[in-house]
Amino acid sequence: MTARIGVITFPGTLDDRDTQRAVRVAGAEAVPLWHRDKDLKQVDAVVLPGGFSYGDYLRAGAISRFSPVMETVIEQAKAGMPVLGICNGFQVLTETHLLPGAMLRNNHLHFICRDQKLRVENAETSWTVDYTSGQEISIPLKNIDGRYVADDRTFDMLEAEGRVAFRYLDGNPNGSLRDIAGITNEAGNVVGLMPHPEHAVEPLIGTGRTDGLGFFTSILKKLVNA
Amino acid sequence: MTLDTVKHATETPDADQPWAELGLKQDEYARIREILGRRPTGAELAMYSVMWSEHCSYKSSKVHLKQFGEKAPENDAMLVGIGENAGVVDVGQGYAVTFKVESHNHPSYIEPYQGAATGVGGIVRDILAMGARPVAVVDPLRFGAADHPDTKRVLPGVVAGIGGYGNCLGLPNIGGEVVFDACYQGNPLVNAGCIGVMKHEDIHLAKASGTGNKVILYGARTGGDGIGGVSVLASETFDSTGPAKRPAVQVGDPFQEKLLIECTLEIFKEKLVAGIQDLGGAGLSCATSELASAGSGGMRVELDSVPLRDATLSPEEILMSESQERMCAIVEPDKVDRFLAICEKWDVIATVIGEVTEGERLEIFWHGEQIVDVPPRSVAHEGPTYHRPYARPEWQDALQADDASKLPRPADADELRAQVLKLVAHPNQASKAWITDQYDRFVQGNTVLAQPEDSGMVRIDEDTNLGVAMATDGNGRYTKLDPYTGAQLALAEAYRNVAASGAKPLAVSDCLNFGSPEDPGVMWQFAEATRGLADACQTLGTPVTGGNVSLYNQTGEVAIHPTPVVAVLGVIDDVNRRTPIAFADEGHLIYLLGDTREELGGSAWSQVVHEHLGGLPPKVDLAREELLAEILISASRDGMIDAAHDLSDGGLIQALVESCLRGGKGARLVIPETAGDSDSAAGDPFLLLFSESAGRAIVAVPRSEELRFTDMCGARGLPATRIGVVDGEEIDVQGQFSIPLSELKELHEGTIPGLIA
């Protein structure tokens, strides 16, 4: 039996079907989860995909964190269930305080869509074990509220504990402090990042690279070995 | 104010009515009175005024548009033709594709962000209403001079609006164009296209049938925005002294539209609708009258049940409002509960506002009192038809006589080099990445090709790798010189672009952007362009499936260049065989396909170097275009080429620069002694690099495939000239000049951010 990975759909979620596909390409079973439903259908891990949940008219991710499904996700994440937040999903995770910091509008004030080079700084989280520390990967980036900020104490803590999971290379696309593209919680089960690994899992599609597949094979490896 | 009921209208035949303010002409008002046998009520007048507007009724253009039907080529792929929300074609494996291009020009000048945003929203709902999941959007854009201060207001707003709305819908933006020309200064062209995919059995039509079936309005509440958008805004020339027209522009809510899309697709999946129509231009007036007109019976609507954002709206305003993100469905009574439940799931407001009736009248009530009683066809489909006078403008001969061949050409290799740099750095030829990087091109995870490729391509079946491609093109400069030929060149270019990507061109949608139809010269341009396009579609076997006409694109007496924008949809059996434009592999041979003649009229060179527009546009040879397309498709399918790029504005040098920059590799070029069958450009580096002869492409051929490829071209009779090799880090034209890629890159990519950012 393979791992069951839940993919949440909030109103305004856009990359849910892409994420389900990435889960399938990696060889796991994708389980659609609905924002109004507290039941996680006994999944082994959860992905919060990208999009503009509730239109993001208030603040990205600010309303989703109060949805019924998130109540269970927060509870389970604290108990160790692996959770990955991509883009809007990362924003939701910071709003829930499962991850520290916050996201502001890009420093150039525009939406930006491009192929982005990253360095994997922590290859020991539930979602990165299939990478090597220091590995450089390129995956699509697309957002308007992607500037990661936190106070210095938080940054120092993140750096000291090795919790910066990904850093932007070859040009910071949005003004994120310390070039941070993604972080992990202390336990390594909750990871959030702005770029989109689910858009880089098949040759020919998107950028034509498969550098993002490692996120999904990582979790599979982690869950099957667990 | 007393309610102007049907009864009241009958009793007060001589009451003054604001028909002129609503954009109606005197004879049109007289005709409405004749149809009804009395004066119209205020609500009826509102409906007729918006539905008989140029934008909705095509009253000036339809006598010419008829040709698209009359000359439609035999095409087994056509499933739904002109007249529905969008045309539908069969792409095989049980899939049907619907696509269309529309304009949102006038609103986008007044209020760039909202104008462009709601343009995306409108076309997406058109596609959705056919029963399809929208899978991609494209945006052909035209602005005034890139260095004009107002362009800095309009362009960033338009781009942010397209991105802000489209990105929030989760639709990849895969193509389109950006063109700058002073003629669009007061009249930018903001066209928007969308592609949708469904199975054949899922096609839905806009008609209300079945007595007793319910009329359900769902989506956003109706507000006071966009009142009279089609009549006041889109159907009149801008007058710089008039009052600001901002209240006629709609305001969009992409989040609401995203919910509407998902909700509607779920409703389709459960087969809950008998007919469906989106609310766009002319709002409820359009949806109710078109649904009733296309159906078998009549319709009764309780207008006071429409959910409102502003409780003070009058019935006339509710009928005319163009509030976005609304749809209207016809639903059998026993399916209404399930329909409403799905809407509730998606937090979409849905209200039964009426039902299909036995009679043949569209009847609308306001708190029990009848305010509309009309034959729906007279509103929706039997609007006025104008045979507007048209005449070839007096200046046309002089324009064509002003031959671009007489312009001074570069005297030596240094000047040739300088002109190449000037060309690739010009806003029209420069990279548009600053713009397209503000659009999400990856979402949905099916994007195979996106701008700056020759066409956008998406996979539509993950198991079989079936895909569709779309390219949009239009060249106002060519069309100004010769509208008949210019429209054909637009089609030829889009057709060639689709084929260059490896897809087979299948069908056409068009957005015809012109000046005022009240000007006989403009009307002649329109007549010639539609005739040219219809003739060429017939020859190429690609029917026009639908589209849009945008007239009155002029400020005062000055019209834009006539600008037919043509979208060609193609199909590719296996997206793995797609051909990109990038020259990425050193050692591959560069072949120029087609004939290069001395053709500089309307060229980018004449514009960039001499600010000149005159002479004749390049010749069109549709048989050659067909042959070139067949070769490009065969070569892609059989793995004979690794890259292909069509030649259009800017000629060979522009295409070469784009392919080299995209692949990050240079090229060494040798000026051939012959360039196809015609030898007028043979041995002439200037003409070879800058001429814009149509029916050409460059391809990169691996050495191992050279013989097979040239044999195929030889056997089929397509001139293929070996002009160089992919190599190094510069573009080197032997005996002339060389330019490092880094220098080209800086110029090509720096222009737009330098002007706009």
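Mentor: Start with handedness. A crossing is left-handed if the near helix is turned anticlockwise from the far one by less than a right angle, and right-handed if clockwise. Helices (H or I, at least four residues) and strands (E, at least two) are DSSP runs, numbered from the N terminus. In this structure, α22(B) passes α25(B) in a right-handed crossing.

Trainee: What should I know about the model and its numbering?

Mentor: This is a predicted model: local features need pLDDT of at least 70, side-chain atom pairs count only at pLDDT 80 or more, and totals for chains, interfaces and linings use all residues. Residues are numbered from 1 along each chain as its sequence is written, while chains are lettered from A and ligands numbered from 1 in the order in which they are written.

Trainee: At what angle do α22 and α25 of chain B pack?

Mentor: Two packed helices are described by the angle between their axes and the distance between the axes. The axes are lines fitted to C-alpha atoms, for helices over the stretch in contact, and angles run from 0 to 180 degrees between N-to-C directions. Here helix α22 (residues 622–637) and helix α25 (residues 706–716) of chain B pack at about 155 degrees, their axes 11 Å apart. That makes α22(B) roughly antiparallel to α25(B). The classes are: under 35 degrees roughly parallel, over 145 roughly antiparallel, 65 to 115 roughly perpendicular, the rest oblique.

Trainee: Which residues of α22(B) and α25(B) meet?

Mentor: Contact means that the C-beta atoms of two residues, placed from the backbone, lie within 7 Å. From α22(B) come Leu627(B), Ile631(B), Ser634(B) and Ala635(B); from α25(B) come Phe709(B), Met712(B), Cys713(B) and Arg716(B). This contact divides into 6 nonpolar, 1 polar and 1 charged residue. Ala, Val, Leu, Ile, Met, Phe, Trp, Tyr, Cys and Pro count as nonpolar, Asp, Glu, Lys and Arg as charged, and the others, Gly among them, as polar.

Trainee: How do α23(B) and α26(B) cross, and at roughly what angle?

Mentor: Helix α23 (residues 651–663) and helix α26 (residues 741–756) of chain B cross at roughly 105 degrees, and their axes come within 10 Å. That makes α23(B) roughly perpendicular to α26(B). Val657(B), Cys660(B) and Leu661(B) in α23(B) meet Leu741(B), Leu744(B), Lys745(B) and His748(B) in α26(B). By class, the contact of α23(B) with α26(B) has 5 nonpolar, 1 polar and 1 charged residue.

Trainee: Now the record. Which residues does UniProt list for "binding site"?

Mentor: The unreviewed UniProt entry lists Asp126(B) and Asp278(B). They span 153 residues in sequence, yet no two of their C-alpha atoms are more than 6.2 Å apart, so they gather at one spot. UniProt positions are in the numbering used here, feature names are shortened, and annotations may be inferred rather than shown by experiment.

Trainee: Is Asp126(B) buried or exposed?

Mentor: Count neighbours: 20 or more other C-beta atoms within 10 Å of its own is buried, 12 or fewer is exposed, in between is partly exposed; C-beta atoms are placed from the backbone. Asp126(B) is buried, with 26 other C-beta atoms within 10 Å. Asp126(B) lies in helix α7 (residues 112–129) of chain B. Asp278(B) is buried, with 26 such atoms within 10 Å, and lies in strand β8 (residues 275–278) of chain B. Leaving out residues up to four places away in sequence, Asp126(B) touches Asn85(B), Ala86(B), Lys100(B), Asp278(B) and Gly280(B). On that basis Asp278(B) touches residues including Asn85(B), Arg125(B), Asp126(B) and Met327(B).

Trainee: How many residues of chain B are in contact with chain A?

Mentor: 24 residues of chain B are in contact with 24 residues of chain A. On the chain B side, α8 (149–169), α10 (254–269) and β14 (447–449) each supply at least two residues. That side has 9 nonpolar, 9 polar and 6 charged residues.

Trainee: Where is Pro452(B) found?

Mentor: Pro452(B) is in the loop between β14 and β15 (456–459) of chain B. The peptide bond from Gln451(B) to Pro452(B) is cis, with omega near 10 degrees.
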